[in-house]
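Please go through the model in order, from a strand pairing to a sheet, a helix and the interfaces.

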Amino acid sequence: MSVPGCRPMAEALLSIRNLSCVFDVSKPWLNRVIERDERRFLTAVASVTFDIRRGETFALVGESGSGKSTIAKMIVGLQPPSGGEIIFDGTPMRGQGGDMRRLRRRFQMIFQDPFASLNPRWRVGDIIAEPIRTFGLLRGSAVEREVERLLDVVGLSGRDREKFPHEFSGGQRQRIAIARALSSRPEFIVCDEPTSALDVSVQAQILNLMRDLQDEFGLTYLFISHDLSVVRHMANRIGVLYLGRLVEVAEGKTLFRDPSHPYTRMLLDAVPDLEMAGRRRRRVEGEIPNPIDPPSGCHFHPRCPLVEPRCRNEAPPEFPRGDGMAACFAVDRAATKEAAPT
Amino acid sequence: MAETLLSVRNLVVEFPTRRGTLRAIDDVSFDIRRGEVLGVVGESGAGKSITGAAIIGLIEPPGRITGGEIHLAGARIDNLSPERMRRIRGKRIGMVFQDPLTSLNPLYTIADQLIETIRTHIDLSEKAARARAIGLLDQVGIPAAARRIDDYPHHFSGGMRQRVVIALALAAEPDLVIADEPTTALDVSVQAQIIDVLKDICADRGAAVMLITHDMGVIAETADRVAVLYAGRLAEIGPVGDVIKAAEHPYTVGLMGSIPTITHEAPRLTQIPGSMPRLTSIPPGCAFNPRCEKVFARCRAERPVPLRRPGNREVACWLFAEEGADERPGVQAHG
């Protein structure tokens, strides 16, 4: 256990500092002039800060539109951030130069849809070998041997490298995508909903494989999912996003046993679970507001059972809670009350 | 025990293709009683949606029902003319599809669509139908229904649209609602609301629901009984608590073990090796035998018949044949 409340820099492999992403969703100029419309912006990610420690699985959960995939894209460089910093192993990541290229070899991504993320015209062997060749890691027949080894690692056969992606099932394709991610020998893998396109029995295979690989190669994962039970199974620490803001960060066990933020509590109450057979859940109120025009103050206040006047005007800062934090005034007040001598 | 509303007996659905006939549903039998929620689960390709489509007579040609019978409240409905089936569909069997955006017409207001559906099935004036439509929207939990009824589908969020679709399915007070993945396209917090709406409405009206989904969590919370399909065949059927907590068929056991839960932590998920066979290559005997840990000679040779088990359950697995359970007559093994 680390010191509560502070985030030791030493063990962080990836640090996200005040990361933001704003999309311009204005109508075309002419329409704006004719309809007297103003420019409109969608804040997909608003000043998010967290650390991912070496060797852990950090999960981001949230409903659609919460910004989890946008954060993943910014980390791997598929989406330029509007503000803030991404620091990988002590080096801030900016631009495209040669240094960045060497840095980028050390992280990879696994995408949600294994039917869309593999080029249908390429043989599996070429798909997996591409990062090896791009980064010049191996040459000649060593590449082929490495591809066969990787296929073996993910539970496929070396002979499969001659085949095309369409010859494989969804689960097998996701294994190919994992082999490709491993081929540049990364330390850090961003997994964006890696199993949500798969059936449950296949999902279990992939989740087990990802855990085995983590133990074997000492990988660090950023695991993104909307499925809380999958997250519970995979993550050491969890960050909960709501409308682009990080509302809570906690250790997996703590989050599920004792969630702090009212949104996390609502989310946990809402998940249908096998253990819930026959029981009645608490009713969930309201829906996610439109992210173009989010509520003032704390974005969650219109749905929050603990709402107080301050929440409507002021965005709550991050209050430390154990090893993590919760961005909620009510949680902070309850904590202060507990701490105060009676 | 309430009377049987829907009875499916030895249903077979086949799709002729260039490479031979595919059997998508192979000898499936089950009942749904009035007021009951029957969950139908299985992985993709197991035949869940086709079972639903067969019941309401919406199987896409060239697929067709080639065997078995479907009875609704005692009357056979699988051999009706398209015209007579059309009168049952919507009137006596309502349908809720997965994607609420594609099941609503974007060019018509919610009022137009609801009123049209109501007046197709019930003899009401425009005004009375409109009042009824508002009442329906109110019941499915749409706030300010009287005002929002004149909005178009794109004015509604995903969860609200799915409520509208449920209102449409309930427009003619059907006896049976078939809900095919009604919450799959929705976020968890909204999903819970939709499950509640479905459950409440069916409880209030005594309508039966056939809930098709791949999400066992949804089934656990909503269904009274659950049927597990595998490769177009019924693996197990029984009360939801028993099937989830004490599954008997090895496939169901594996399926339940492979689902992570939020209430406790398992170091490792159970995994079933391999994947479900394609319809072109279903193995002889039990369809699950190549993936089954408990496989023995009989499983490879002979297809298991559904065996009655204590507690109103049926399991299609030879493991239970030796215990002297009575085998249901009239079900032939396919090989």
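**From one bridge to the interfaces**

In strand β12 of chain A, A:Ala326 is the bridge partner of A:Glu248. Helices (H or I, at least four residues) and strands (E, at least two) are DSSP runs numbered from the N terminus. This is a predicted model, in which local features need pLDDT of at least 70 and side-chain atom pairs count only at pLDDT 80 or more, while totals for chains, interfaces and linings use all residues. Residues are numbered from 1 along each chain as its sequence is written, chains are lettered from A and ligands numbered from 1 in the order in which they are written, and side-chain values use heavy atoms, with hydrogens and water left out.

Strands β10 (residues 245-251) and β12 (residues 324-326) of chain A run antiparallel and are joined by two bridges; two strands pair if DSSP finds at least two bridges between them. Strands of a sheet pair through backbone hydrogen bonds, either parallel or antiparallel.

In chain A, eight strands form an open sheet of mixed pairing, in the order β6-β7-β8-β3-β9-β10-β12-β11. Its edge strands, β6 (107-110) and β11 (319-321) of chain A, each pair on one side only. On average, neighbouring strands of this sheet are turned by 25 degrees against each other, direction ignored. Axes are lines fitted to C-alpha atoms, for helices over the stretch in contact, and angles run from 0 to 180 degrees between N-to-C directions.

Helix α7 of chain A lies across β3 (57-61), β7 and β8 (220-225) of chain A, and runs at about 160 degrees to β8 of chain A. This helix spans residues 200-217 and contains A:Gln214. A:Gln214 is buried, with a relative accessible area of 11% (buried means under 20%, exposed over 50%, partly exposed in between, with a 1.4 Å probe and protein chains only). Leaving aside neighbours within four places in sequence, A:Gln214 is in contact (heavy atoms within 4.5 Å) with A:Gly55, A:Glu56, A:Thr57, A:Leu219, A:Thr220 and A:Tyr221. A polar atom of the A:Gln214 side chain lies 3.2 Å from the backbone oxygen of A:Leu219.

Between the chains, 44 residues of chain A are in contact with 45 residues of chain B. Chain A and chain B bury about 4,000 Å² between them, 49% of it on carbon and sulfur atoms; buried area is the accessible area (1.4 Å probe) that two parts lose on being put together, summed over both. A:Arg232, A:Leu274 and A:Glu287 supply 18% of the area that chain A buries against chain B, more than any other three residues.

Notes
A polar contact is a pair of N or O atoms within 3.5 Å; within protein, one must be able to donate a hydrogen and the other to accept it, and residues adjacent in sequence count only if both atoms are side-chain atoms.
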